[in-house]
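Hi,

Here's the structure I promised to pass on.

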Amino acid sequence: MKRRPTVHSSGDPEALFRATVTPLASIFGSGFLVIVPILAGAVGPYAPIAMAIVCAVAFCVGAVIRFNIRTAEPALAGKPKESTLAFERCSDLALVMAYVISVCLYLHILSAFVLGSVHLDTDFNESLLTTAVIVVIMAIGLTRGLGALSMLEGWALGVTLVIIVMLIVGFGLYDLQAWQSSRGITLFKAAEHTPWEVATIVAGTLIVVQGFETTRYLGDEFTAKARVQASRLSQWLSTAVYLVFVTAALPLIHTLNGHFNDNSLIHLAAAASGLLVAPLVIAAALSQFSAAVADTLAATGNLEEVTHHQLKLRFGTVLVGGGAIALAWMANTLEIVALASRAFAFYYLLQCLVAISVSHSRGQQLFFSLVAAVLAFITVFAIPAS
């Protein structure tokens with residue numbers, strides 16, 4: 001969504017904090033819940049290296065988004081080239097589709113964790129619960145509007161960070177005890193995968209670090225400089241947390257006995273301490289519901305602007321919810337993870353084209369082109385973990 005003039009200065013620490021909450025909440029929205037089993041099944045004990053590569057790719061994409069905040073936005077506000085305007089409009093549409101998929105993903109993960117905690121996590125039950133929650137969000141959106149629920153974002157981020165810290169501490173204590181015991185730390189072996197399969201599976205995890213682009217659409221609240229700083233800060237913080245989190249979880253992966261599911265983190269938490277399971281499920285439910293509401297709001301807002309306000313927010317809520325419900329019955333969680341990664345990669349690819357169209361530096365254009373090539377690979381070839 002393109003926004004109105006900015007109001008908050010980057011020199012205000014409180015403004016920077018509030019500007020960072022949105023991208024950070026989005027990045028941690030679902031990633032920490034599914035990334036460990038996906039990478040463990042794909043690359044085994046090399047999961048931290050794969051996580052570092054994914055974060056590095058995301059940081060390069062973040063650089064494109066930050067360039068567009070500084071350079072493309074002023075160009076679009078003036079008299080942009082036709083190519084720039086076309087790429088930006090296409091990216092708006094691509095982002096709507098990506099948001100629809102991510103709404104379904106968030107609520108599928110919510111269902112997997114809630115049902116997994118009571119051992120009822122069949123594909124049918126997950127799709128049914130996902131549908132029920134989407135219907136609730138649609139009903140609230142149609143009758144009262146979703147704006148009142150947006151306040152959940154800050155609370156969800158706080159709860160998510162607390163449970164991540166708890167898990168890291170729990171995993172760390174388990175690792176320390178295992179290292180000091182006579183049996184030592186037990187590592188595991190990944191399933192047999194070709195290098196191509198590994199590359200395409202890891203490519204399908206881009207969604208877990210998605211969210212830094214949200215600063216691109218906060219222009220009515222924060223200056224360009226504040227949004228650039230918030231985007232960069234959110235990526236540095238999330239990268240550090242993800243690398244520590246994945247590394248701490250490695251010594252527990254053998255407890256899964258080679259079975260990697262969308263809610264395997266529950267089993268890892270239980271292996272570290274039974275006290276971690278209930279907080280994890282609560283955090284998963286709150287964070288996924290909040291993220292789904294946020295992306296529904298973003299998707300409907302984008303639809304309204306793309307259609308020049310011909311499509312009203314309430315009808316947009318029905319379209320977004322209907323699309324998410326349809327997808328909920330067509331794919332499982334890990335398939336939706338890969339599909340969401342491909343959808344956001346396509347959006348980022350279009351943002352690279354926007355950046356290329358407004359840049360006058362050959363070096364910058366080369367960098368944007370290389371990032372675009374990586375994103376094209378993800379868009380075309382990313383596959384779900386098996």
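Let's start with overall size: for 386 residues, a compact globule would have a radius of gyration near 21 Å, and the protein chain has 20 Å, so the two agree. (That radius is taken over C-alpha atoms, and the globule rule is 2.2 Å times the number of residues to the power 0.38.) Keep in mind that this is a predicted model, where local features need pLDDT of at least 70 and side-chain atom pairs count only at pLDDT 80 or more, while totals for chains, interfaces and linings use all residues. Residues are numbered from 1 along each chain as its sequence is written, and side-chain values use heavy atoms, leaving out hydrogens and water.

The protein chain has 13 helices and zero strands (DSSP runs numbered from the N terminus: H or I of at least four residues for helices, E of at least two for strands). Of its 386 residues, 54% count as buried, meaning under 20% relative accessible area, with exposed over 50% and partly exposed in between (1.4 Å probe, protein chains only).

Now the rings! A search of the whole structure finds 14 aromatic pairs (Phe, Tyr and Trp rings, using Trp's six-membered one, with centres within 6.5 Å; planes under 30 degrees apart are stacked, over 60 edge-to-face, the rest tilted). One of them joins tryptophan 196 and phenylalanine 377 edge-to-face, 5.5 Å centre to centre with 85° between the planes. This pair links helix α7 to helix α13, with the two residues 181 apart in the chain. Tryptophan 196 is partly exposed at 48%, and phenylalanine 377 is also partly exposed, at 25%.

Cheers
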